[in-house]
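Reader: Can you walk me through this one? I'm new to reading structures.

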Amino acid sequence: MAQTQPAAFAIDLNPKYTVRITDEFGNNDDPLVIHCWSHDNDLDVHTLWMKNGWHWEFGHKFLGRTHFVCNMTHSIKEKTVDVYDTNNNSLKCERSKKKR
């Protein structure tokens with residue numbers, strides 16, 4: 001009887017990444033409103049109230065750039081940030097933990 005064993009090491013050609021955003025503001029008067037997108041995907045607008053969160057998972061494009069941007073608004077404050085960019089190694093991201 002023959003068995004195939006998994007390799008001692010494996011190369012994941014398309015690792016998955018997860019972005020998690022949580023409203024950690026200290027009051028529930030104003031929600032955190034988020035709109036995130038990439039060149040290929042519009043992730044819609046999400047409204048988060050205090051202590052609530054939202055997340056999404058993605059993999060790199062096989063060829064090309066993966067770049068996600070989010071616009072965040074809370075009360076009268078607004079900011080647009082790069083949350084992931086394959087061309088910017090200074091953005092600190094970790095691979096998603098695989099669910100077992």
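Author: Start with Trp56. Leaving aside neighbours within four places in sequence, Trp56 is in contact with Tyr17, Thr18, Val19, Ile21, Cys36, Leu43, Phe68, Cys70 and Val83. Contact means heavy atoms within 4.5 Å.

Reader: Where does this model come from, and how are residues numbered?

Author: The model is predicted, so local features need pLDDT of at least 70 and side-chain atom pairs count only at pLDDT 80 or more, while totals for chains, interfaces and linings use all residues. Residues are numbered from 1 along each chain as its sequence is written, and side-chain values use heavy atoms, with hydrogens and water left out.

Reader: Ok. How many helices and strands are there?

Author: The protein has 0 helices and 6 strands. Along the sequence the pattern reads β-β-β-β-β-β. Helices (H or I, at least four residues) and strands (E, at least two) are DSSP runs, numbered from the N terminus.

Reader: Back to the core. Which residues have the most contacts inside it?

Author: Ile21, Ile34, Cys36, Trp54 and Trp56. The largest nonpolar core has 15 residues. The elements giving two or more residues to this core are S1 (16-22), S2 (32-37), S3 (42-48), S4 (53-59), S5 (67-74) and S6 (77-85). A nonpolar core is a set of buried Ala, Val, Leu, Ile, Met, Phe, Trp, Tyr and Cys residues joined through side-chain atoms within 4.5 Å.

Reader: What does buried mean?

Author: Buried means under 20% relative accessible area, exposed over 50%, and partly exposed in between (1.4 Å probe, protein chains only). Of the 100 residues of the protein, 25% count as buried.

Reader: Why would nonpolar side chains end up together?

Author: In soluble globular proteins, nonpolar side chains tend to be buried together.

Reader: What about S1? Which residues are on its covered face?

Author: Tyr17, Val19 and Ile21 are on the covered face of S1. Lys16, Thr18, Arg20 and Thr22 make up the uncovered one. In a regular strand the side chains alternate between the two faces of the sheet.

Reader: Which sense do S1 and S4 pair in, parallel or antiparallel?

Author: Antiparallel, over 7 bridges. Two strands pair if DSSP finds at least two bridges between them. The bridge partner of Lys16 in S4 is Gly59. The C-alpha atoms of Lys16 and Phe58 are separated by 5.5 Å, though these residues are 42 apart along the chain. Lys16 counts as partly exposed, at 39% relative accessibility.

Reader: New topic. How many salt bridges are there?

Author: A search of the whole structure finds 2. A salt bridge is a side-chain nitrogen of Lys or Arg within 4 Å of a carboxyl oxygen of Asp or Glu. Lys51 forms one with Glu24, with the closest N and O atoms 3.1 Å apart. Lys51 lies in the loop between S3 and S4 and Glu24 in the loop between S1 and S2, so the pair ties together parts that are 27 residues apart in sequence. Lys51 and Glu24 are exposed.

Reader: And the side chain of Asp85, what does it meet?

Author: Arg65, in a salt bridge at 2.6 Å, N to O. Asp85 lies in strand S6 and Arg65 in the loop between S4 and S5, so the pair ties together parts that are 20 residues apart in sequence. Asp85 is buried, with a relative accessible area of 8%. Arg65 counts as partly exposed at 38% relative accessibility.

Reader: What about Asp23, buried or exposed?

Author: Asp23 is buried, yet has no salt bridge. The nearest side chain of opposite charge, Lys51, is 7.7 Å away. Lys and Arg count as positive and Asp and Glu as negative; His and the chain ends are not counted. Asp23 is in the loop between S1 and S2.

Reader: Which backbone nitrogen does the Asp23 side chain reach?

Author: That of Phe25, at 2.9 Å.

Reader: Last one. Which residues have a positive phi without being a glycine?

Author: Asp44 is one, at about 70 degrees, and Ser75 is another, at about 60 degrees. Most residues other than glycine have a negative phi. Asp44 lies in strand S3, and Ser75 is in the loop between S5 and S6. Asp44 counts as partly exposed at 49% relative accessibility. Ser75 is partly exposed too, with a relative accessible area of 44%.

Definitions and conventions
Polar contact = N/O pair within 3.5 Å; in protein donor to acceptor, adjacent residues only side chain to side chain.
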